Amino acid sequence: MAGFPSSKNTKYHNRSNSLPSRPHPLISQCDEHLTRLRVFYSTSASSSSSSISQQLSGLEDLHESVEKLLLLPSIQEAFVRHCGEKWVDELLDGSLRLLDMCSSAKDALIHTKECVRELHSAIRRRSEMTIEVQKYLASRKVVKRAIQKALDTNKSIESKSNTTLNGSDYDTTAMVSLLKEVEAISVRLFESLLFLISGKKTKAKSSWSILSVMRSKREVCPEVDAELNEFSNMDNALSSVTCQKTNKCKDTTQVFENVQKHLEKLDLGNQDLEQTTERLFRRLIKTRVSLLNILSN
């Protein structure tokens with residue numbers, strides 16, 4: 001199995017009879033999805049909504065493969081056999097953690113869509129533009145606080161997740177490592193999505209390993225150095241509208257044209273992200289239900 005230690009190097013010599021001695025095609029498929037996501041995440045120079053949306057689509061494909069993997073009798077038997085062990089509880093908690101992060105992003109995108117709709121209406125009226133701009137910027141502060149709270153909660157949970165498997169057979173160890181890597185890269189991509197919405201981005205790593213992902217501290221670019229995206233560009237454009245009150249901006253037409261341009265880009269990007277995130281959220285629900293069903297039977 002790509003990415004897992006070979007049988008020559010592992011200390012687990014007795015293979016389980018209930019799990020296949022060779023990697024199942026679905027396990028290999030998960031590995032392929034993981035590899036593509038690692039490379040995309042590490043090499044992508046863009047923090048635009050289209051780039052993040054592509055990564056989330058790849059994440060959706062990965063979780064679809066995981067869902068199919070969890071339907072295999074051999075995998076289900078492994079979970080039932082080890083029911084009550086800490087790693088099983090951690091995988092369950094991890095599935096809930098991903099749902100919470102995805103839900104936070106989804107809520108922020110829906111909130112942004114509503115604010116964008118109000119701005120579109122205000123631009124047509126023109127007379128209420130300044131009021132709507134102030135409302136939008138105020139709502140952005142609410143969104144950013146909610147995102148920061150979600151990120152802080154995730155960081156706290158991550159610091160407590162550090163279980164190692166002792167005495168488990170090779171195939172169970174490999175299966176758990178795979179699922180933890182899926183969780184780890186999912187967390188990273190959800191973080192990227194949340195930072196995108198807040199106008200920030202994370203520094204991409206040139207290499208990837210489950211240990212470095214699960215144990216290292218997040219490296220975050222300061223907001224002033226953040227690469228601009230549709231969300232931060234919209235914030236900057238609206239700030240130029242508020243400066244008219246202090247007579248710093250004289251070309252009103254140009255200001256409104258700039259706002260209109262960035263608003264259209266934000267609208268398209270936000271819609272794309274919302275649709276992708278909604279699909280992924282439904283996929284994560286199915287995965288969690290599969291885990292719960294396995295352990296309840």
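The model is predicted, so please read every value below as computed from it. The structure holds one aromatic pair and zero disulfides, and a lysine, K106, has its charged end over the ring of F281.

**A glutamate in a helix**
- E132 belongs to helix α5, which covers residues 129-160.
- With a relative accessible area of 8%, E132 is buried, because the cut-off for burial is under 20%.
- Beyond its neighbours within four places in sequence, E132 makes contact with E118, L119, A122 and R125.

**Cysteines**
- You will find zero disulfides here.
- C102 has 0% relative accessibility and therefore counts as buried.
- C83, at a relative accessible area of 46%, is partly exposed, because that value lies between the 20% and 50% cut-offs.

**Aromatic rings**
- One aromatic pair is present in the structure.
- F79 and W87 have ring centres 5.5 Å apart and planes at 55°, so this pair is tilted.

**A charge over a ring**
- The charged end of K106 lies 4.6 Å from the centre of the F281 ring, and sits over that ring.

Technical notes
Residues numbered from 1 in each chain as written. Predicted model: local features only at pLDDT ≥ 70, side-chain atom pairs only at ≥ 80, totals over all residues. Heavy atoms only, no water. Helix = DSSP H or I, 4+ residues; strand = E, 2+ residues; numbered from the N terminus. Buried < 20%, exposed > 50% of the residue type's maximum accessible area, 1.4 Å probe, protein only. Contact = heavy atoms within 4.5 Å. Disulfide = S-S within 2.5 Å. Phe/Tyr/Trp six-rings, centres within 6.5 Å; stacked < 30°, edge-to-face > 60°. Lys NZ or Arg CZ within 6 Å of the ring centre and 35° of its normal.
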